[in-house]
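Please look at the chain first.

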Amino acid sequence: MAKIFVSIAAYRDPELIPTLKNMLENCSQPENLHICIGWQHSEEDTWDNLQEFKDDSRFIILDYNYKDAKGVCWIRKRIQEKYQGEEYYLQLDSHHRFDKNWDIVLKDYISYLQLKGYKKPLLSAYIPGYFPNNDPQGRNQEVWSLNIQRFMPSGVIFLEPHSVNNWRELKEPFPTRFISAHFIFTLGKFVEEVPYDEHLYFHGEESSLAARAYTFGYDLFSPHKPIIWHEYTREGKKKHWDDSTDWSERDQASYARYRKLMDQDEGCTPCQRKGLAPNYFGKERTFEQYERYAGLKFKTRQMHIETKKGEFPPIKGNYESGLTNTQKYCIDIYKGSLTETDYDAFAIAFLDRYGNDINRQDANKNEIQTLLKGDPNDQFIHIWRTFDHVDKPHSWRVWPHSESKGWLDRIEQVISYE
């Protein structure tokens, strides 16, 4: 009969009410749910009237005009403030579907892991997807986990879904190194021990939460069977950054905070990090222990080769020798500066601060033509390059070549890491 505190962050979402109804219909003990909705909405929206839930004692509805919203971490923090000591904590978005008896299954997984010796298990994953216009037929029935794609130039880890190849052979939840904010199930005291950092905006929410949870003694796992589904595409649906005029400033401030707290700024000592956010990390494990468990090195923005491959943690090989840097950058070039009609090559290089090449991947004629034929409403071409290197590049250089005029003026730009 243990109760579950359910956190649902919703922003102008037509899927909110279908999510609530599907969650209740498929819950074995719906009377034991305590559901708090961070309802960020517009009076112009007709799809998410919550009147039918307002007199339901299981619900707490935090009613915000969408213009007053400050980002996803901010609203999740407001929701957590309504926690009342429930035994379990479930964190979701507002666009999900649920399997029958999902609550019993999740509780059983936690109990099973505790019997195996894990005092504070936490379940999380990029759970499989569903499509509102083709449900339940369109539900993905595979098991997904979380994997790192790269460290972004801002320093934040970019996560992506990772298909678990042998999931049908798995008999129990499997270890993971990251947390997905759209699905967390764990003990209720997590809310008090690892409260949300409302000063983060969006990117960085999940990787910082995983490191913090691990240092507070939580062991991270992913379910080995599909239980809950998540809508990923959300095409045509409003996001906070679509409506907000100051989202970019919030985003940049969030990046700066993340770099300080996650040991990436050269001038930020552990003492300064503690002053910025006391008790941000726990004392049951160190931040460095999380790095070794996950196969990450935040200061140098490196990942272990096992992490890159998506192998289950902890790292089994040598930690130091297995670290590598996978970097991905977008080079934006103003179309108005590309005045020739017969480009046949771009020499593309990333340089260190002394002007030496650290990576070179040229563009041929076919790639150039594809880039130039892109979105006619976009004033820029966007050249993406991914490579492994220990050091971060200082700048990039594109040197165009014309069939009729030969090598033309070089285009160079220093890379911003702010």
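Reading helix H8 and beyond

Q: Which residues of H8 are buried?
A: Buried means under 20% relative accessible area, exposed over 50%, and partly exposed in between, with a 1.4 Å probe and protein chains only. In H8 the buried residues are Asp251, Ser254, Tyr255, Arg257, Tyr258, Arg259 and Leu261. Helices (H or I, at least four residues) and strands (E, at least two) are DSSP runs, numbered from the N terminus. The model is predicted: local features need pLDDT of at least 70 and side-chain atom pairs count only at pLDDT 80 or more, while totals for chains, interfaces and linings use all residues. Residues are numbered from 1 along each chain as its sequence is written, and side-chain values use heavy atoms, with hydrogens and water left out.

Q: What should the 15 residues of helix H8 span?
A: The expected span of a helix is 1.5 Å times one less than its number of residues. For helix H8 (residues 247-261) that gives 21 Å, and its end C-alpha atoms are 21 Å apart, which agrees.

Q: Where is the proline that forms a cis peptide bond with aspartate 135?
A: The bond from aspartate 135 to proline 136 is cis, with omega near 10 degrees; proline 136 is in the loop between strand E6 (121-124) and strand E7 (144-151). The bond from proline 313 to proline 314 is cis too, with omega near 0 degrees, and proline 314 is in the loop between helix H11 (305-309) and strand E15 (323-324).

Q: Which members of the largest nonpolar core touch the most others?
A: In soluble globular proteins, nonpolar side chains tend to be buried together. A nonpolar core is a set of buried Ala, Val, Leu, Ile, Met, Phe, Trp, Tyr and Cys residues joined through side-chain atoms within 4.5 Å. Here the largest core has 51 residues, of which Ile157, Tyr290, Leu296 and Phe298 touch the most other members. A second, separate core of 35 residues includes Ile37, Phe59, Ile127 and Phe183.

Q: How many of the residues of H3 are buried?
A: Nine of the nine residues are buried, so H3 is largely enclosed by the rest of the structure. Contact means heavy atoms within 4.5 Å. By that test, the buried residues of H3 pack against elements including E1, strand E2 (33-41) and H6.

Q: What does proline 400 contact?
A: Proline 400 lies in strand E21 (residues 395-402) and is buried, with a relative accessible area of 3%. Leaving aside neighbours within four places in sequence, its contacts include Tyr343, Phe346, Trp407 and Ile411. Proline 400 and phenylalanine 346 are 54 residues apart in sequence, yet 4.4 Å apart in space, C-alpha to C-alpha.
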